[in-house]
Amino acid sequence: MRRINGTALIIAALVATVGALAFPVWSYADRSGTGQANLAAGTVNTRWGPLTASDRDLIVRVRLAGLWELPAGQQAMERAPSEAIKEAADHLIVGHTDLDKRVRIVAAQLGVELPNQPNEQQQGWLQEMTAATGADYEYKFVNLLRSAHGKIFPAIGAVRNSTRNTLVRQLASDANQTVLDHITVLEKTGKVDFDAIANDMANGSTASPSGPPPPVPGQPVPSAPAAGPSGDIRATSRPSPGAPGTVNTSRPDPVDSEGVLQ
């Protein structure tokens, strides 16, 4: 009897093992804690496509950007310490007034609640600028804003790449244009501390740097051949819609189907 029970147990164990091995690997993609499970857990369906937690986060971040950058731009316009700072402030005001209009419409369509005041960190930045004067004010204005734009820039690209929601995709495209324009005009002031930005990025990174080996001083490198189409190909588009150092932010007004702007 014991021998039979032992054999039965061995057979049962073998069946369980074979079953586990045969269980399709794709079924593990949806188990709790995986990327797919996390994506599904935070996603709701809309008529414009699935709306993920990352999509909603971008919508809120675009709104928050305007809530502190608009008063920052207004303050700089009122102080007008230099024409370069005034130009950057003008771009901040125009860009975020337009972008805020667009994000409010998108949020209303998708049912996303928006904040009505800057977050604590952004309020701190505004306080820093308010307390500063002279050259210190110009430095803080340019570099606090340049750093903030630089950090949200890759986040916009990530959502633009992965979103399945058409409204969020268009908002990301609009935000990308605005942020790149602001980065460009802030750098035009000549007051961006690129060393500080590089050090800040290095302090926040964990991976080892990669890429081609560094150049050897004094050693020439072979010139690279031109890259282009082969055969009789005639292209008519232009590589850039504006002059070097400028970003074309012209775009049609949004369709306000929810009556947000009334």
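Where does Arg 102 lie? Arg 102 sits in helix α4, residues 83-110.

A word on the ground rules. This is a predicted model, where local features need pLDDT of at least 70 and side-chain atom pairs count only at pLDDT 80 or more, while totals for chains, interfaces and linings use all residues. Residues are numbered from 1 along each chain as its sequence is written, and side-chain values use heavy atoms, with hydrogens and water left out.

Now the overall picture. The chain has 8 helices and 0 strands, and along the sequence its pattern reads α-α-α-α-α-α-α-α. Helices here are DSSP runs of H or I with at least four residues, strands are runs of E with at least two, and both are numbered from the N terminus. Of the 262 residues, 31% are buried; buried means under 20% relative accessible area, exposed over 50%, and partly exposed in between, with a 1.4 Å probe and protein chains only. A contact means heavy atoms within 4.5 Å. Among contacts between residues at least 6 apart in sequence, 77% join residues at least 24 apart.

Back to Arg 102. Is Arg 102 buried or exposed? Arg 102 counts as buried because its relative accessibility is 6%. Leaving out residues up to four places away in sequence, Arg 102 touches Leu 171, Asp 174, Arg 251, Pro 252, Asp 253 and Pro 254.

One of those, Arg 251, is found in the segment after α8 (194-204). With 18% relative accessibility, Arg 251 also counts as buried. Its contacts, again not counting residues up to four places away, are Asp 98, Leu 99, Arg 102, Asp 174, Gln 177 and Thr 178. Arg 251 and Gln 177 are 74 residues apart in sequence, and 9.9 Å apart in space, C-alpha to C-alpha.

Next, a pair of helices. Two packed helices are described by the angle between their axes and the distance between the axes. Helix α4 packs with helix α7 (residues 166-188) at about 170 degrees, the axes being 10 Å apart. So α4 is roughly antiparallel to α7. For the cut-offs, under 35 degrees is roughly parallel, over 145 roughly antiparallel, 65 to 115 roughly perpendicular, and the rest oblique. The axes are lines fitted to C-alpha atoms, for helices over the stretch in contact, and the angles run from 0 to 180 degrees between N-to-C directions. Residues making this contact include Leu 99 and Arg 102 of α4, and Leu 171 and Asp 174 of α7.

Finally, the aromatic rings. Rings of Phe, Tyr and Trp (its six-membered ring) pair if their centres lie within 6.5 Å; planes under 30 degrees apart are stacked, over 60 edge-to-face, and the rest tilted. How many aromatic pairs does this rule give? The count is 2. Trp 68 and Trp 125 form a tilted pair, 4.9 Å centre to centre with 50 degrees between the planes. That pair links distant parts of the chain, with Trp 68 in helix α3 (residues 53-79) and Trp 125 in helix α5 (residues 120-131), 57 residues apart. Both Trp 68 and Trp 125 are buried. Tyr 137 and Phe 141 form a stacked pair, at 6.2 Å and 25 degrees. Those two lie in helix α6 (residues 134-162), 4 residues apart, about one turn of the helix.

Tyr 137 also turns up beside Gln 75, which is in contact with Met 129, Thr 130 and Tyr 137, leaving aside neighbours within four places in sequence.
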